[in-house]
Amino acid sequence: MLPYRQSTILDESLKNALVLCDRVILVVGHRADELISRYANHPRIRLVHNHDYAQGLGSSIRAGLAACSSDHLFISHGDLPCIPPEVYRTLWQARGDETLFPSYQGEAGHPVLLPRALARTLSAAPAQGSVRRWLLAHPHRFIEVQSAAILQDVDTPERYQAL
C-alpha cells in the first residue's frame, strides 16, 4: 500500500493485470480489513481472505487457486507495479498445457501462467516451502520477454527507494 505514482504499488499491479484479465482474485491476510475496504466494491476484483496467511505465500496461492474457475490463471504478487500489460498478453498467447514463466535475459519472473489442471494439482498437493520449485518440477516453459520489470519485486526499503 506504499504510494506509487498517483496511487499505490498494489493499485498499479492490479491495474496492469486488469488490462488483459477479466477478473483478479486478490488474496488478503495481513491488513485484510484495509484491503477489503479499499477493493470491496471493485467489480473486477474478487477478494479472498486467507486466514492462514502467517503460514506463508504458499497458503495464499492455494487460497487464490481454490477461488479460481477459469481454464488458465496468472499468479503474481502485489509488489510488482511495473509489469507491462504486454507481458500478460505474450504469456496468454503462448498458453497451453504447461506452466509458463516469463524470463528476461534468462532469469524467470512474474506473472506465472498456469493451466487449470496444474492449478488443481498444486492446490491439492501437500504444502511445501516453495511453490516455484513445485511448478518447476512439473511441465513448464520459459517465455522470453523484453521487460526487466518481471524481476522487480518491491519487497525491501531499498527496492522501494529505487522505484
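Q: Why is Phe74 called buried?
A: Phe74 has a relative accessible area of 18%, and buried means under 20%, with exposed set at over 50% and partly exposed in between (1.4 Å probe, protein chains only), so Phe74 counts as buried. This is a predicted model, in which local features need pLDDT of at least 70 and side-chain atom pairs count only at pLDDT 80 or more, while totals for chains, interfaces and linings use all residues. Residues are numbered from 1 along each chain as its sequence is written, and side-chain values use heavy atoms, with hydrogens and water left out.

Q: Why is Trp92 called partly exposed?
A: The relative accessibility of Trp92 is 30%, a value that lies between the limits for buried and exposed, and Trp92 therefore counts as partly exposed.

Q: What makes Phe74 and Trp92 an aromatic pair, and what is the class of that pair?
A: Rings of Phe, Tyr and Trp (for Trp, its six-membered ring) pair if their centres lie within 6.5 Å, and planes under 30 degrees apart count as stacked, over 60 as edge-to-face and the rest as tilted. By this rule the count is three aromatic pairs. In the one formed by Phe74 and Trp92, the centres are 6.4 Å apart and the planes make an angle of 35°, which gives a tilted pair. Phe74 belongs to strand β5 (residues 72-75) and Trp92 to helix α4 (residues 85-93), so the pair ties together parts that are 18 residues apart in sequence; helices (H or I, at least four residues) and strands (E, at least two) are DSSP runs, numbered from the N terminus. Phe74 and Trp92 form one aromatic cluster together with Tyr88.

Q: How do you know that β5 and β8 pair?
A: Two strands pair if DSSP finds at least two bridges between them, and β5 and β8 are joined in the antiparallel sense over four bridges. Within this pairing, Phe74 has Leu113 as its bridge partner in β8, and Ile75 has Val112.

Q: What makes both faces of β8 count as covered?
A: In strand β8 (residues 112-115), Val112 and Leu114 lie on one side and Leu113 and Pro115 on the other, and all of them are buried. In β5, His72 and Phe74 point one way while Leu73 and Ile75 point the other way, and these too are all buried. In a regular strand the side chains alternate between the two faces of the sheet.

Q: Why is helix α1 described as largely enclosed?
A: Nine of the ten residues of α1 (residues 9-18) are buried, so the helix is largely enclosed by the rest of the structure. The buried residues are Ile9, Leu10, Asp11, Glu12, Ser13, Leu14, Asn16, Ala17 and Leu18.

Q: What makes a set of residues a nonpolar core, and which members of the largest one touch the most others?
A: A nonpolar core is a set of buried Ala, Val, Leu, Ile, Met, Phe, Trp, Tyr and Cys residues joined through side-chain atoms within 4.5 Å. The largest has 24 residues, of which Leu14, Leu26, Tyr39 and Leu91 touch the most other members. Two or more residues of this core come from each of α1, β3 (24-28), α2 (32-39) and α4, and α1 gives the most, with four residues. Apart from this core lies another of 15 residues, among them Ile61, Leu65, Leu73 and Leu122.

Q: Why is Glu98 called buried, and what does its side chain join?
A: Glu98, in the loop between α4 and β6 (99-104), has a relative accessibility of 19% and therefore counts as buried. A polar contact is a pair of N or O atoms within 3.5 Å, where within protein one must be able to donate a hydrogen and the other to accept it, and residues adjacent in sequence count only if both atoms are side-chain atoms. The side chains of Glu98 and Arg141 are joined by such a contact, of 2.9 Å.

Q: Why is Pro81 called buried, and which residues does Pro81 touch?
A: With a relative accessible area of 2%, Pro81 is buried; this residue is placed in the loop between β5 and α4. Contact means heavy atoms within 4.5 Å, and, not counting residues up to four places away in sequence, Pro81 touches Tyr4, Ile9, Glu12, Ser13, Asn16, Val154 and Leu163.

Q: How do you know where the predictor's confidence is lowest and highest?
A: The pLDDT is the predictor's confidence in each residue, from 0 to 100. The protein chain averages 93, and 99% of the residues score at least 70. Confidence is lowest in helix α5 (residues 116-124), at a mean of 88, and highest in β6, at 98.
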